[in-house]
Amino acid sequence: MSDEKSQFTGLILVSGIDSPGITQSLFDTLAPFAITVLDIEQVVIRERLILTVLISLNPAHAQSIEEDLEACAQKLDVDIATSFQEQGQSTIAAKSGLVHVVALGNPLAPATIAAIAAAIATRGGNIERIHRTASYPITAIEFIVSGADQTEIRQCLAQVTLTHSVDIAVSPGGLMRWAKKLVVMDVDSTLIQQEVIELLAHKSGAQEKVKEITDSAMRGELDFEASLKARVALLAGLPDSVISEVQSEISLTPGARTLVKTLHQLGHSVAVVSGGFTQVIEPLIKELGIVHYRANTLEIIDGKITGRVLDPIIDRAAKATALQDFAKIEGVQLEQTIAIGDGANDLDMISIAGLGIAFNAKPAVKAAADSSVSAPYLDSVLYLLGITREEVEEAGAKRK
């Protein structure tokens, strides 16, 4: 015989137009009875209230409770439904091993939600809760799933992202979800909208040739170090005054400032690692309050760019090394790191990070990353981390 203790429970569902005092009146009605509150969930959408309460009670009191709740419903002009039954203690215990699935879309169609739910079900997952975490500039919906393996869920949702053009991130639940994180970003076409070397090449008239080499390198068709040296060689002879000119032409990706500020406000760390050039991006990085950064360094002699890059070269492998070094400095485990990038030279750091995010990336990078963001807003990354729009605004980081 099992030693598990059963109990008589009651599920109360309140629905109707929300107004002040409903919750108080409900519990005032329940107060005279010898009951224990086991669980509560309440949500208000467009002034419609849904409130569920799970209680344990003496079965002899069930009819009286139902009658008093009916009177309460008439008084409040809401609907109250009840269900009483004997239930094992384990069925209402807190569940562990939960997986969080966050979907980003603009818009999110019903077929997309159906496809996500179907994919989760095929892996034996049960959706415990669904709630919106952001409504602009994109919609973010979070599903909390029990009974499913994180890796299997991620794999089965990969096809949904392609078929329905939605961004999906899968992460484990538990206390570590809220632990300190280190977010490491690429710069060109990620933190900023431009490719710095192309801006410099425009000053020398070599922009078409440089862009051709850049695109090939980002697709992974060329070795990054060789392509970098070939592009920088085309800048030989430019005066170093072009650096300040290019700095004035740089613009942050929409939401970049909000992302950095919010992460800092919430106690996380932000770092930058770039295949671009320190002389160009350093003022912007310092303005954003980013302490840890690595980038390549142009050789400048007698006020002119020589066409050479100083060692060490920040390439694909060096980016991954930088992420590991920054994590060690900050005391953050690799599982709590996030890497964001768009090109082939970001693949190594994306692959070793706890969460790798492809931001408006090339197909090869999307295929390798844990999740991707297709919207042009860098602060969308916050929703993948479980940070809501309301928390962003509470942190005082208005979108920029």
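Here is a short chat about reading a few features of this predicted model.

Visitor: Let's start inside. Which residues of the largest nonpolar core touch the most other members?

Guide: That core has 61 residues, and Met185, Leu191, Val196, Phe277, Ile340 and Leu378 touch the most other members. Helix α5 (residues 196-204) gives the largest share, five residues. There's also a second, separate core of 22 residues, with Ala318, Ala339, Ala344 and Ala358 among them.

Visitor: What is Ile340 in contact with, leaving aside its neighbours within four places in sequence?

Guide: Its partners include Val183, Val184, Met185, Met349, Phe359 and Leu378, plus Asp186 and Thr190.

Visitor: How do α5 and α8 pack?

Guide: Helix α8 covers residues 241-249, and its axis is 10 Å from that of α5, at an angle of about 125 degrees. Angles from 65 to 115 would count as roughly perpendicular and those over 145 as roughly antiparallel, so this pair is oblique. The crossing is right-handed. Val196, Leu199, Leu200 and Lys203 of α5 meet Val242, Glu245, Val246 and Glu249 of α8. That makes five nonpolar, no polar and three charged residues.

Visitor: Is Ser165 buried or exposed?

Guide: Exposed, with a relative accessible area of 67%; Ser189 is partly exposed at 23%.

Conventions: Residues are numbered from 1 along each chain as its sequence is written. This is a predicted model: local features need pLDDT of at least 70, side-chain atom pairs count only at pLDDT 80 or more; totals for chains, interfaces and linings use all residues. Side-chain values use heavy atoms; hydrogens and water are left out. A nonpolar core is a set of buried Ala, Val, Leu, Ile, Met, Phe, Trp, Tyr and Cys residues joined through side-chain atoms within 4.5 Å. Buried means under 20% relative accessible area, exposed over 50%, partly exposed in between (1.4 Å probe, protein chains only). Helices (H or I, at least four residues) and strands (E, at least two) are DSSP runs, numbered from the N terminus. Contact means heavy atoms within 4.5 Å. Axes are lines fitted to C-alpha atoms, for helices over the stretch in contact, and angles run from 0 to 180 degrees between N-to-C directions. Angles under 35 degrees count as roughly parallel, over 145 as roughly antiparallel, 65 to 115 as roughly perpendicular and the rest as oblique. A crossing is left-handed if the near helix is turned anticlockwise from the far one by less than a right angle, and right-handed if clockwise. Ala, Val, Leu, Ile, Met, Phe, Trp, Tyr, Cys and Pro count as nonpolar, Asp, Glu, Lys and Arg as charged, and the others, Gly among them, as polar.
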